[in-house]
Every structure is written in C-alpha cells, then in structure tokens.
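Have a look first, then read on.

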Amino acid sequence: MPATLFGEAELELPNVATVPQYSPFRYPGGKSRWYNFVKQWGLAKQPQTFVEPFAGGAHAGLAAAIEGLVKNVVLVELDENVAAVWQTILGEDADWLLERISSFAMSGENADEALRLRDRSRRDRAFAVIVHNRISRGGITAPGAGRVKQGENGKGLQSRWYPDTLIERIERIAEAAERIDFICGDGFEVAERYLGRPDVALFIDPPYPRAGGRLYEHSDVDHERVFSMAAASEGTVLLTYDDSDEVERLAAAHDLDQEYLVVSTTHHRNKKELLIGKDLSWLRGL
C-alpha cells in the first residue's frame with residue numbers, strides 16, 4: 001500500500017477503489033487519490049467557494065460540490081475538448097449525452113465514427129472526447145496517444161466502456177450543477193480574480209513540469225506564476241506537484257509549507273509528490 005510520509009510518521013493513502021469517483025474522465029495522475037486530503041482540508045478551513053483553475057477531470061471540485069463542502073465551485077479548463085464535456089454535462093444537453101452513452105455499442109468502428117463526428121456540434125465533441133478518453137491508453141488524450149488494444153481480460157475496447165458507471169456519474173454532476181460554475185478559459189486569469197477573498201479555497205493541480213508535455217495537450221504552465229499566485233491569495237491554498245528541486249525551490253522562495261507523499265504509479269513504482277500550502281497544520285493532524 002502506498003504511504004504518505006511526514007518526517008518520521010507514516011499515513012497510508014487510501015486504495016483508489018475505496019474512494020468516491022465522481023468524474024467521467026480517466027486521467028493519468030487523476031485527483032481522486034487526493035480525495036481524503038482535499039476533503040479534510042475543506043472541513044478544516046470551511047471555505048465558501050472552491051476554485052480549481054486547472055480542472056481537467058475535476059475530481060476535487062466535483063467532490064466539493066457533490067458532497068456540499070462549499071456553496072460554490074468554480075472549474076476552469078483551457079482545453080476546448082475537455083471543456084465541451086463540462087459544458088454539455090452542466091448545460092441543456094446533459095440528457096442528450098446520457099442517452100448517447102446509453103445507446104452506444106462500443107467497437108473500433110463505432111469509436112472511429114464518434115471521433116469523426118466530433119466537429120458537428122459541441123455535444124458531439126463532448127461525446128467523442130469521452131469515447132477517446134475511455135479507449136486511449138492510460139486515459140491520455142494528448143496528440144499521439146495510443147489506443148487500448150488488449151484491454152482487460154483480453155476484451156479490447158469493450159472492457160474500457162462502462163456506460164452505467166458513466167451515466168451514474170454524469171447524473172450526480174448534473175444534480176449538483178447549480179453549485180458549479182464552469183469557465184473555458186485561462187486558469188490564471190480566473191483564479192487571480194479570487195486572490196483577495198479570504199473565503200476562497202484555491203486548489204491548484206497543474207500539469208507537472210516533468211510529465212505534463214506527454215500527458216496533456218495544454219501543458220506549458222508558468223510555474224513561477226503558479227507559486228506567486230498561491231502566495232498572494234488571501235484564502236486557503238493547496239497545491240499538488242511532483243517532487244523536484246525546482247518545485248521545492250519555488251515553494252521555499254514563496255514561503256510556502258510543503259509535505260511529501262510517496263505514491264504508487266500505474267507501473268507500480270513509487271514516486272514522491274508534494275502537497276504545498278500556506279498552512280498545512282490540518283494535514284499533520286491526520
């Protein structure tokens with residue numbers, strides 16, 4: 001079991017299978033593994049608004065909205081393909097998307113057809129993105145990503161298509177839609193509007209410096225600006241990062257607290273990641 005290390009103490013990260021899953025996306029480095037920490041952070045700090053400027057699969061923001069940890073969640077995503085999914089689920093075409101998922105028979109030919117029709121409308125794009133995300137290797141949808149071949153138990157693409165699960169998750173998100181504001185745009189520009197509010201929780205999980213280019217289409221992030229923004233916030237802040245000399249230097253330079261975790265990757269290797277904030281005393285009480 002992967003463990004979280006704080007000096008001499010150890011805390012175990014939960015098995016991802018035991019953590020509530022709210023997002024329809026499969027994402028490498030998905031935020032679901034941070035669920036317990038995000039929830040404890042929210043309960044300890046009691047913010048009114050939760051802002052996630054690099055939303056992606058939005059596991060953290062969805063948990064905050066669906067579980068009622070905050071009154072309002074602001075999700076921001078620059079990628080127009082990913083944005084189409086959130087705009088469709090949170091908009092008037094949610095029922096259309098649910099029916100499309102329910103009636104879709106997964107096969108290589110049908111998947112190719114869905115991808116071919118992606119530019120017909122925003123809702124078609126949303127469905128195509130979900131299909132692509134499910135059948136791509138590791139959930140990676142950046143250009144050049146490979147497609148699942150063998151799948152689970154040799155069942156190929158069908159083993160990655162769980163319509164009932166997708167429908168359940170989308171319905172739960174739609175039910176919480178009144179607490180969620182989605183913006184397709186620049187996460188920095190949106191987050192910086194909230195820096196002067198002490199009642200805001202800013203959750204920052206950007207594409208990591210080392211792996212971002214391989215995993216995400218929009219991976220070129222100004223990490224110096226990320227840390228400057230975090231340090232300037234009047235509210236509570238939580239950042240997640242790969243451990244590296246650069247990240248540790250940035251955290252120290254901006255007088256931010258940091259703790260490292262040892263997590264297990266999809267290749268069953270242990271690696272260090274960092275939780276960073278202005279005050280992590282709530283975390284040490286776990």
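## The largest cavity

The largest cavity comes out at about 50 Å³. A cavity here is a set of points, on a 1 Å grid over the protein atoms alone, where a 1.4 Å probe fits but cannot get out. Grid points are joined across faces, edges and corners, and the volume is the space filled by probe spheres set on the points. This is a predicted model: local features need pLDDT of at least 70, side-chain atom pairs count only at pLDDT 80 or more, and totals for chains, interfaces and linings use all residues. Numbering starts from 1 along each chain as its sequence is written, and side-chain values use heavy atoms, with hydrogens and water left out.

What lines this space? The largest cavity has 10 lining residues, with S32, Y35, H59, A60 and A63 nearest its centre; lining means having an atom within 4 Å of a point. Helix α2 (residues 59–66) supplies the largest share of that lining, 3 residues. Helices are DSSP runs (H or I, at least four residues), numbered from the N terminus. By class, the lining splits into 6 nonpolar, 3 polar and 1 charged. For these classes, Ala, Val, Leu, Ile, Met, Phe, Trp, Tyr, Cys and Pro are nonpolar, Asp, Glu, Lys and Arg are charged, and the others, Gly among them, are polar.

## The second cavity

Searching the whole structure turns up 2 cavities of 30 Å³ or more. Helix α1 (residues 35–45) gives the most here, with 3 residues. The class count for this lining is 8 nonpolar, 1 polar and no charged residues.

## Two partners for α6

Helix α3 (residues 80–89) packs on helix α6 (residues 122–135) at an angle of about 110°, their axes 8 Å apart. Axes are lines fitted to C-alpha atoms, for helices over the stretch in contact, and angles run from 0 to 180 degrees between N-to-C directions. That makes α3 roughly perpendicular to α6, a label for 65 to 115 degrees; under 35 counts as roughly parallel, over 145 as roughly antiparallel, and the rest as oblique. The α3/α6 crossing is left-handed, as the term applies when the near helix is turned anticlockwise from the far one by less than a right angle, with clockwise being right-handed. Contact (heavy atoms within 4.5 Å) involves E80, N81, A84, V85, Q87 and T88 of α3 and R122, R123, R125, A126, V129 and I130 of α6. That contact has 5 nonpolar, 3 polar and 4 charged residues.

Helix α4 (residues 94–103) also packs with α6, at about 45° and with axes 10 Å apart, which makes α4 oblique to α6. This crossing is right-handed. From α4 come W96, L97, R100 and I101, and they meet R123, D124, F127 and I130 of α6. The contact of α4 with α6 has 5 nonpolar, no polar and 3 charged residues.

## The α10/α11 pair

At what angle do α10 and α11 pack? Helix α10 (residues 223–232) and helix α11 (residues 245–253) pack at about 30°, with axes 10 Å apart, so α10 is roughly parallel to α11. Their crossing is right-handed.

Terms used
1 Å grid on protein atoms, 1.4 Å probe; cavity = no way out; pocket = protein on both sides within 12 Å on 5 of 7 lines; lining within 4 Å. Helix = DSSP H or I, 4+ residues; strand = E, 2+ residues; numbered from the N terminus.
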